[in-house]
Amino acid sequence: MTSVDPATIELGLDTFGDVTRDGSGELVSGAQTIRNVVEQAVLADRVGLSFFGVGEHHRREFAVSSPEIVLAAAASRTEQIHLGTAVTVLSSDDPVRVFERFSTLDAVSNGRAEVILGRGSFIESFPLFGYDLRDYEALFDEKLDLFSQLLTEKPVTWSGTLRASLDAADVFPKTENGLRAWVGVGGTPESAVRAARYGYGLMLAIIGGPAARFRPLADLYRRSLDTFAQPELPVGVHSPGHIADTDQQAWDEAYAGFEAMNNTIGRERGWPTYNRLRFQHDVGPEGALYVGSPETVARKIADTVRTLGASRFDMKFSTGTLSHEHMMRSIELFGTEVAPRVRDMLS
């Protein structure tokens, strides 16, 4: 098993900018949700967390369709925390524009930008931007190849079948120290090998089942790094969670949001109706939800980090209609109580 240095473990947060309810039960506006996300990033920085990630979506349940703009606003009010996406849907975007936006974010944040690239589990962006879903795999392969060349920050000559070719194209602005980049992987071996081949960090999106189920992917990734003569690169984990003072309080606060989100998406994808029994399984040792008291969540994160040899854990702290106030308390507890416990446990 890969050893984990507790002094260097990174603990971060992810949000999709879920549109939430206020104290009276009314849905807040998308605009207010975005302002709340910035406040959440400011608090995450204040309590000493390593990373704050904002996902890209193009549907009514999520307010953020332009993560880099939200992250730039957060950059102006934070000092240490790294800022990035969770994820950027590269397949339906242009790699040159993605690089330009993130190199700009890197400048305004003084070198704190990261990009996590993915194919997207939601497909709304494909018809919205004129892409054919039949090209789902080919689009990501081609665009990841181009983006990898752009990361060298040298003139790029490139050709493909789904995007116009480039001839010694130089892209600006340059970064001062390079751009940290990851590939988000949902569970396919091919994706882990692809991330290793291009030299990206591996971010495992674990949203169902025990973390141990993903150990073969992490091992395959590390073997593939050796095969492609790549340096040692990090493995990270992204999973949903919520923290409150007690397990029962966390479960009671979080359940309605998880139920609403699972049932909304489930109606589109043919999932069974979500219920309390399923929720209690998901928050247990065999589930992918990190919901509970600081001690409960810290123990589960430490177990996951050990199992996978991960050097980063990002908790998706927003789910469904969970209120801004509950999320702020969750962030505070994550930074002040969970993070030190995790490091102690890993020692």
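Visitor: Which residue in β12 is the bridge partner of Leu 11?
Guide: The partner of Leu 11 is Phe 313 in β12. Phe 313 is also the bridge partner of Val 237. This is a predicted model, in which local features need pLDDT of at least 70 and side-chain atom pairs count only at pLDDT 80 or more, while totals for chains, interfaces and linings use all residues. Residues are numbered from 1 along each chain as its sequence is written, and side-chain values use heavy atoms, with hydrogens and water left out.

Visitor: How many bridges join β1 to β12?
Guide: Five bridges link β1 (residues 10-15) with β12, and the two run parallel. Strand β10 (residues 235-243) is likewise joined to β12 by five bridges, in parallel. Strands here are DSSP runs (E, at least two residues), as helices are (H or I, at least four), numbered from the N terminus; two strands pair if DSSP finds at least two bridges between them.

Visitor: Why is β12 described as largely enclosed?
Guide: Five of the five residues of β12 (residues 312-316) are buried, so the strand is largely enclosed by the rest of the structure. Buried means under 20% relative accessible area, exposed over 50%, and partly exposed in between (1.4 Å probe, protein chains only).

Visitor: Which residues point which way from β12?
Guide: Arg 312, Asp 314 and Lys 316 point one way, and Phe 313 and Met 315 the other way.

Visitor: On to the core. Which residues touch the most other members of the largest nonpolar core?
Guide: Phe 52 and Ile 301 do, in a core of 80 residues. Such a core is a set of buried Ala, Val, Leu, Ile, Met, Phe, Trp, Tyr and Cys residues joined through side-chain atoms within 4.5 Å. Helix α11 (residues 324-346) gives the most to this core, with eight residues.

Visitor: What does Ile 301 touch?
Guide: Leaving aside residues up to four places away in sequence, Ile 301 touches Leu 11, Tyr 290, Phe 313, Phe 334, Val 338 and Val 342. Contact means heavy atoms within 4.5 Å.

Visitor: New topic: which residues of α6 are buried?
Guide: In α6 (residues 189-198), they are Ser 191, Ala 192, Arg 194, Ala 195 and Ala 196. Their cover includes α5 (136-150), β8 (180-185), β9 (201-205) and α7 (215-227).

Visitor: What comes just after α6?
Guide: Gly 199 comes there, with a positive phi of about 80°.
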